[in-house]
Amino acid sequence: MINISAEDAKLFQDNGFTKEQIGATINHYREQGLSDDDIQLKIICKFLPLNIRAVLEEKSSKYQKLMAFNKSVSEALKGK
């Protein structure tokens, strides 16, 4: 199980996430073979400001790898 701090739990709750949704998200990423460290990074990245994500997308191979699934889903949705 991934342990999150009280501060992180509050961040999720302030953004409308329930404990069940967080758990379902973690299970979804585990089923896709991501490690717990990668899952934590993927979730954290969703809360980063857009300008920070843009820099990471351009310069970080780790970020690019983690977000590759989201990008392929987004591109598939745009094509429909």
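Welcome! The model you are looking at is a predicted one.

- Lys 10 and Asp 14 both belong to helix α1, which covers residues 6-14.
- The two residues are four residues apart, about one turn of the helix.
- An α-helix has 3.6 residues a turn, so residues three or four places apart point the same way.
- Lys 10 is partly exposed, at a relative accessible area of 48%.
- Asp 14 has a relative accessibility of 54% and counts as exposed, because the cut-off for that class is over 50%.

**The salt bridge between Arg 30 and Asp 36**
- Arg 30 and Asp 36 form a salt bridge in which the closest N and O atoms are 3.0 Å apart.
- Asp 36 is partly exposed, with 31% relative accessible area.
- Arg 30 also counts as partly exposed, at 32% relative accessibility.

**The salt bridge between Lys 62 and Asp 38**
- The side chains of Lys 62 and Asp 38 meet in a salt bridge, 2.8 Å from N to O.
- This pair links distant parts of the chain, 24 residues apart: Lys 62 sits in helix α5 (residues 61-79) and Asp 38 in helix α3 (residues 36-45).
- Lys 62 is partly exposed, with a relative accessibility of 40%.
- Asp 38 has a relative accessible area of 13%, and is therefore buried, as the cut-off is under 20%.

**The buried face of helix α3**
- Which residues of α3 are buried? They are Asp 38, Ile 39, Lys 42, Ile 43 and Cys 45.
- Looking down the axis of α3, you find these buried residues within an arc of 160 degrees, so they line one face of the helix.

**How α2 and α3 pack**
- Helix α2 (residues 19-31) packs with α3 at an angle of about 125 degrees, and their axes are 10 Å apart.
- The two helices, α2 and α3, are therefore oblique to each other.
- Where α2 and α3 cross, the crossing is right-handed.
- On the α2 side, the residues that meet α3 are Thr 25, Ile 26, Tyr 29 and Arg 30.
- On the α3 side, the residues that meet α2 are Asp 36, Ile 39, Lys 42 and Ile 43.
- Arg 30 and Asp 36 are listed among these meeting residues, and they are also the partners in the 3.0 Å salt bridge.

Key
Residues are numbered from 1 along each chain as its sequence is written. This is a predicted model: local features need pLDDT of at least 70, side-chain atom pairs count only at pLDDT 80 or more; totals for chains, interfaces and linings use all residues. Side-chain values use heavy atoms; hydrogens and water are left out. Buried means under 20% relative accessible area, exposed over 50%, partly exposed in between (1.4 Å probe, protein chains only). A salt bridge is a side-chain nitrogen of Lys or Arg within 4 Å of a carboxyl oxygen of Asp or Glu. The arc is that of the directions from the helix axis to the C-beta atoms. Axes are lines fitted to C-alpha atoms, for helices over the stretch in contact, and angles run from 0 to 180 degrees between N-to-C directions. Angles under 35 degrees count as roughly parallel, over 145 as roughly antiparallel, 65 to 115 as roughly perpendicular and the rest as oblique. A crossing is left-handed if the near helix is turned anticlockwise from the far one by less than a right angle, and right-handed if clockwise. Contact means heavy atoms within 4.5 Å.
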